[in-house]
Amino acid sequence: MYRDVSACNTYNYGDAVYWDARYIQEANCGSFDWYQRYTALRPFVRKYISPTSRVLMVGCGNAVISEDMVKDGFEDIMNIDISSVAIDMMRKKYENVPQLKYMQMDVKDMSFFPDESFDSVIDKGTLDSLMCGTGAPINAAQMLGEVSRLLKPGGVYMLITYGDPTVRMPHINRPVYNWKIELYIIPRPGFQKPAGSTSPKSYLEPVPVTEKGLLPADYTLEDPDSHFIYVCKKIDEPTYVSGRSTNSLTDVTLQR
């Protein structure tokens, strides 16, 4: 298990100093959501996470996904980030929104929270940041161990990432976490299918994977820059990734 060298540049995305400097520099640039906005993620969030559940948003930055979730009925979202600059900004912005709470915290050490504190954890690019930093495999294991500890039995860790199964499954598909994993693949924002494309694929259907949790050899990504959503459900007995599922998101109402 290695660092995501091919997807990283010279910045250390796992370093608080980098993020503090970046948020100060971009203070007047408004919010920024990595990868996908809530409108695209909503079918998955609503399928697996109850609006009345206690949600932990790791690596919240200055994104508006938590705000959008509150507008959609979610009642209790704890947001954490390694950057004190980002947390200070967001506390001030949402000081009159009781459903949103903000704390400066390192995802590798969330000992402030007791075991089984949350029904769900949402990660939109935070594991990716650690995978671009020094000591990536150890940092990733520390973070994922904390996520597993904080999840209640039956709780869900939803990972939104650029990492395909070859680089993410070795980290998340470990018996110690007791996670049953389903995979979804969605195109990047703005992607349009090639003219004449007749692909029957639905982004709201889980993708069948091999026993090792990898994509079948004949599987073709419509968008080579797709994003991957790993829905990891904590269960009481050790398990491995599910090879095929009949669950579908097509029955989720997409209208607000």
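1. **The β1/β4 pairing.** V55 has S120 as its bridge partner in β4. This is a predicted model. β1 and β4 (residues 118-124) run parallel, joined by four bridges.

2. **The sheet.** β1 and β4 belong to an open sheet of seven strands, ordered β3-β2-β1-β4-β5-β7-β6. The pairing is mixed. β3 (100-104) and β6 (179-186) are the edge strands. Each has a single partner strand, so one side of each lacks a neighbour in the sheet. From one strand to the next, the twist averages 20°.

3. S53 sits in the loop between α2 (38-48) and β1 (54-58). Is S53 buried or exposed? S53 is buried: its relative accessible area is 9%, and the cut-off for buried is under 20%. Its side chain reaches the backbone oxygen of S50 at 2.6 Å. Setting aside neighbours within four places in sequence, S53 contacts D76, D119 and S120. S120 is also the β4 bridge partner of V55.

4. **L56 and the largest core.** The largest nonpolar core holds 35 residues. Which residues have the most contacts inside it? They are L56, I80, F113, Y157, I172 and W179. Helix α6 (residues 136-150) gives this core its largest share, six residues. In soluble globular proteins, nonpolar side chains tend to be buried together. Beyond four places in sequence, L56 is in contact with M78, I80, M110, F113, F118, S120, V121, I122 and L150.

5. **A second core.** A separate core has 31 residues. Among them are I65, V70, I186 and L204.

6. **Helix α4.** S83 caps the N-terminal end of α4. A side-chain oxygen of S83 lies 3.3 Å from the backbone nitrogen of V85. V85 is itself buried, as are A86, I87 and M90 in this helix (residues 84-93).

7. **Confidence.** Mean pLDDT for the protein is 86. Of its residues, 78% reach 70 or more.

Notes
Residues are numbered from 1 along each chain as its sequence is written. This is a predicted model: local features need pLDDT of at least 70, side-chain atom pairs count only at pLDDT 80 or more; totals for chains, interfaces and linings use all residues. Side-chain values use heavy atoms; hydrogens and water are left out. Helices (H or I, at least four residues) and strands (E, at least two) are DSSP runs, numbered from the N terminus. Buried means under 20% relative accessible area, exposed over 50%, partly exposed in between (1.4 Å probe, protein chains only). A polar contact is a pair of N or O atoms within 3.5 Å; within protein, one must be able to donate a hydrogen and the other to accept it, and residues adjacent in sequence count only if both atoms are side-chain atoms. Contact means heavy atoms within 4.5 Å. A nonpolar core is a set of buried Ala, Val, Leu, Ile, Met, Phe, Trp, Tyr and Cys residues joined through side-chain atoms within 4.5 Å. pLDDT is the predictor's confidence in each residue, from 0 to 100. Two strands pair if DSSP finds at least two bridges between them. Axes are lines fitted to C-alpha atoms, for helices over the stretch in contact, and angles run from 0 to 180 degrees between N-to-C directions.
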